[in-house]
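This briefing covers nonpolar cores and aromatic side chains. Please look at the sequence and structure before reading the points below.

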Amino acid sequence: MAIGSGLGAQLGIAAETTYGTFAAPSRFLEFTKESLVLKKTTAQSAGIAAGRLLALDKRRVVTRREASGSIDMEIVNKGMGLLIQALMGTTVTPVQQGAGPAYLQTHALADTAGKSLTIQKGIPLTTGVVTKKNVLGCKITSAEFSCEVGGLLTGAFEFDGRDVEESSALAAASYPALTPFHFQQMGIKTGAFGTETARTGIRKVSCKIERPQEVERFYAGAAGLKAEPISNDQVKISGTLESDYVDTTLDDLHTTDGSTSLVWEFVGPLIAATFYETFRITLPAIRLDEGPPVVDGFGVVKPSFNYVGLYDGTNQPKIEIISTDVTL
């Protein structure tokens, strides 16, 4: 029996072969909170009948079903591949580095057609019995990563789902030994793509990747369930760079509206040879919209620059992971 509170909860995920068709969980996420729920649209008959004062219970119908919600979590050294693949769109097979146990995943930006997940929630009753809700057809509509002084690297993922069912079996959760990426491992580089150099003075970084999609694809003959969402706008990438005013590099880019490549990376312990646990976001072109330095007191000047990610015409944004994961 599980603990009869959130302490006994679990989240499992799996890539779906067919959109909205249950796939048994193959990875289990350690999460801090989630809000995935069924959303149903109902209609109530309002026909007039002599003397009837209240609408008939049997004349209420469910006209469509869908799901939505979010998962907040710490970004850890293993098991991130399925989520990042669903966010970025590229079909990824980890590539062995050297002859040892290190494997590189390169998730370049691409369309997310066919990239849906089954997310299984295990929710404990107070008795310790774990109920299950299988959220089908989960497409990531946005993800935001953030890390600040003294903190962990966190991720907040937003989902659109096709349906929720409760019949498929609850999988037995299992967790490998995991460690979170954190501020001590964090580095920031800017400059020409491929030759970026380290920046100092950075205190906090965030990066949000939005995947706009048409999520209202409800058609006759589909039992009130939607077809797979389709990308219906350009990808939006934005974020912040909070810093002390140690040099004018970012300030100058803001003033001139200059472009720079941004590499935000976390490098953890050695896996083997020269390969380290790594989580890296590369944006080949960003522009700074806001954040010129201002003096608002006696303390150190702390500009906070807002940026947007753009296409440099050649290189796509990407998220790279080096871990011991042989598969996603």
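Trp 264 and Phe 266 are both buried in this predicted model. Their rings form a tilted aromatic pair, with 5.6 Å centre to centre and 55 degrees between the planes.

**Aromatic pairs**

- The structure holds 6 aromatic pairs.
- One of them joins Phe 145 and Phe 157 edge-to-face, at 5.9 Å centre to centre and 90 degrees between the planes.
- This pair links distant parts of the chain, since Phe 145 belongs to strand β9 (residues 130-148) and Phe 157 to strand β10 (residues 154-161), 12 residues apart.
- Phe 145 counts as buried because its relative accessibility is 0%.
- Phe 157 has 1% relative accessibility and therefore also counts as buried, the cut-off being under 20%.
- Ring pairs connect Phe 145, Phe 157, Phe 181, Trp 264, Phe 266 and Phe 279 into a cluster.

**Nonpolar cores**

- In soluble globular proteins, nonpolar side chains tend to be buried together.
- The largest nonpolar core has 54 residues, and the members touching the most others are Ile 119, Phe 145, Phe 157, Phe 159, Trp 264 and Phe 279.
- A second, separate core of 5 residues includes Ala 102, Leu 104, Ala 272 and Ile 322.
- Leaving aside residues up to four places away in sequence, Phe 159 touches residues including Leu 36, Ile 71, Leu 83, Leu 117, Ile 119 and Ile 140.
- Other contacts of Phe 159 include Ser 68, Gly 69, Lys 139 and Thr 141.

**A charge over a ring**

- Arg 64 lies over the face of Phe 218, at 4.1 Å from the ring centre.

Note on methods: Residues are numbered from 1 along each chain as its sequence is written. This is a predicted model: local features need pLDDT of at least 70, side-chain atom pairs count only at pLDDT 80 or more; totals for chains, interfaces and linings use all residues. Side-chain values use heavy atoms; hydrogens and water are left out. A nonpolar core is a set of buried Ala, Val, Leu, Ile, Met, Phe, Trp, Tyr and Cys residues joined through side-chain atoms within 4.5 Å. Buried means under 20% relative accessible area, exposed over 50%, partly exposed in between (1.4 Å probe, protein chains only). Contact means heavy atoms within 4.5 Å. Rings of Phe, Tyr and Trp (its six-membered ring) pair if their centres lie within 6.5 Å; planes under 30 degrees apart count as stacked, over 60 as edge-to-face and the rest as tilted. Helices (H or I, at least four residues) and strands (E, at least two) are DSSP runs, numbered from the N terminus. A charge sits over a ring if NZ of Lys or CZ of Arg is within 6 Å of the ring centre and within 35 degrees of the ring normal.
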